Amino acid sequence: MTRVAAIDCGTNSIRLLVTDLDADTGTADDQVRQMEIVRLGYGVDRTGRLDVRALERTFAACEDYARVIAELGAERVRFVATSATRDADNADVFADGVRERLGVGPDVVTGSEEAALSFAGAARDLPGVAQPVLVVDLGGGSTELILGEDGVAGAEQSLDIGSVRMTERHLRSDPPTAAEIVECAADVDAVLDASTVDVAQARTVVGVAGTITTVAAHVLGLEEYDSTRIHHAQLPVADVLASCDAILAASVEERRSWSFMHPGRADVIGGGAVILSRLLARTTPDALVVSEHDILDGIAWSLV
């Protein structure tokens, strides 16, 4: 067994996984999973730069993670940064701050690399499902689409649509108006129209990352967020679409009152709900499979 630490830093959240991996058997024994909402990508779509306060929140999380990694004695560490830092003019400030606190610099991966890591994490432990599989990694700044078969990624693309990006761009009212939702949906549709991934080919759709797992909690009617109920849940697409509509109709205050909703996600999940609903409208399976394993697990396995 090799103890590794994987960190995924996206537009909205930063997450840590410390796990013991056995490359011979392909098994994992997770020691800790943590998440902080730091909103690193706040305003990047508008300004092209990482916000100073967002950097401070992210560095504070890095300091906490450094302590956990040291206490658990991880042998290898990889820090992967995704959409927000690909788009920022001052990414060097971010890179220097991460290296100072964790001893490793961030791998600012391309959209293609991000997609491959997401597929590797989500597809590794899927139950028997119809092939080919479409993995949808809906993040804060981008959405990765990966179509593959029997655990091997094929067509993939990273799209510049994410929950934070779409909310900041279109959903300005609380709750958003019908006109804003239509405007947002049109933007999402235009990006999906130009995508090189034919999502209609998928016989199974697997959704990963915080927006989709939170929508799943709503569909399941959970009183509290429960990853064991959510992992590999198969949700009727009609129920998923109804939950997306309910989320969009709710105010931020109402969303925060839902006990399964992370308070740092409540104000941006509307943009993610639009993306998810418009994407599912283009697919044929009547259920969405939800996975708690995603790019974070893919990063971990890349270390062995």
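H232 sits in the loop between α9 (227-230) and β10 (233-236). Helices (H or I, at least four residues) and strands (E, at least two) are DSSP runs, numbered from the N terminus. The phi of H232 is positive, near 65 degrees, and H232 is not a glycine. This is a predicted model: local features need pLDDT of at least 70, side-chain atom pairs count only at pLDDT 80 or more, and totals for chains, interfaces and linings use all residues. Residues are numbered from 1 along each chain as its sequence is written, and side-chain values use heavy atoms, with hydrogens and water left out.

R39 is another non-glycine residue with a positive phi, about 50 degrees. R39 belongs to the loop between β3 (27-37) and α1 (44-47). Its relative accessible area is 12%, so R39 is buried. Buried means under 20% relative accessible area, exposed means over 50%, and partly exposed lies in between (1.4 Å probe, protein chains only). G221 follows α8 and has a positive phi near 65 degrees.

## Cis peptide bonds

The bond from Q131 to P132 is cis, and its omega is near 0 degrees. P132 is in the loop between α5 (111-123) and β6 (133-138).

D174 and P175 are also joined by a cis peptide bond. Here omega is about -5 degrees. P175 lies in the loop between α6 (163-170) and α7.

## Helix α12

Helix α12 covers residues 269-280, 12 residues in total. From first C-alpha to last, α12 reaches 16 Å, close to the 16 Å expected at 1.5 Å a residue. The expected span is 1.5 Å times one less than the number of residues.

How much of α12 is covered? Most of the helix: 11 of its 12 residues are buried. They are I269, G270, G271, G272, A273, V274, I275, L276, S277, L279 and L280.

## Helices that cross α12

Helix α7 (residues 178-193) and α12 have axes that come within 9 Å and cross at roughly 55 degrees. Axes are lines fitted to C-alpha atoms, for helices over the stretch in contact; angles run from 0 to 180 degrees between N-to-C directions. α7 and α12 are therefore oblique to each other. Angles under 35 degrees count as roughly parallel, over 145 as roughly antiparallel, 65 to 115 as roughly perpendicular, and the rest as oblique. The crossing of α7 and α12 is right-handed. A crossing is left-handed if the near helix is turned anticlockwise from the far one by less than a right angle, and right-handed if clockwise.

Helix α10 (residues 237-249) also crosses α12. Their axes come within 9 Å, at roughly 150 degrees. α10 and α12 are therefore roughly antiparallel. The crossing of α10 and α12 is left-handed.

## C-alpha separations

C184 lies in helix α7, and G271 lies in helix α12. C184 is buried, at a relative accessible area of 0%. G271 is buried too, at 0% relative accessibility. G271 and D198 are 73 residues apart along the chain, and their C-alpha atoms are separated by 22 Å.

R86 is in helix α3 (residues 83-87). At 26% relative accessibility, R86 counts as partly exposed. The C-alpha atoms of R86 and V109 are separated by 7.8 Å; the two residues are 23 apart along the chain.

## Helix α8

Helix α8 (residues 210-220) is mostly covered, with eight of its 11 residues buried. These are G210, T211, I212, T213, T214, V215, A216 and A217.

## Aromatic rings

Rings of Phe, Tyr and Trp (its six-membered ring) pair if their centres lie within 6.5 Å; planes under 30 degrees apart count as stacked, over 60 as edge-to-face and the rest as tilted. The count by this rule is two aromatic pairs. W258 and F260 form a stacked pair: 5.8 Å centre to centre, 25 degrees between the planes. Both W258 and F260 are buried.

Which ring does the charged end of R124 sit over? The ring is that of W301, and the charged end is 3.9 Å from its centre. A charge sits over a ring if NZ of Lys or CZ of Arg is within 6 Å of the ring centre and within 35 degrees of the ring normal.
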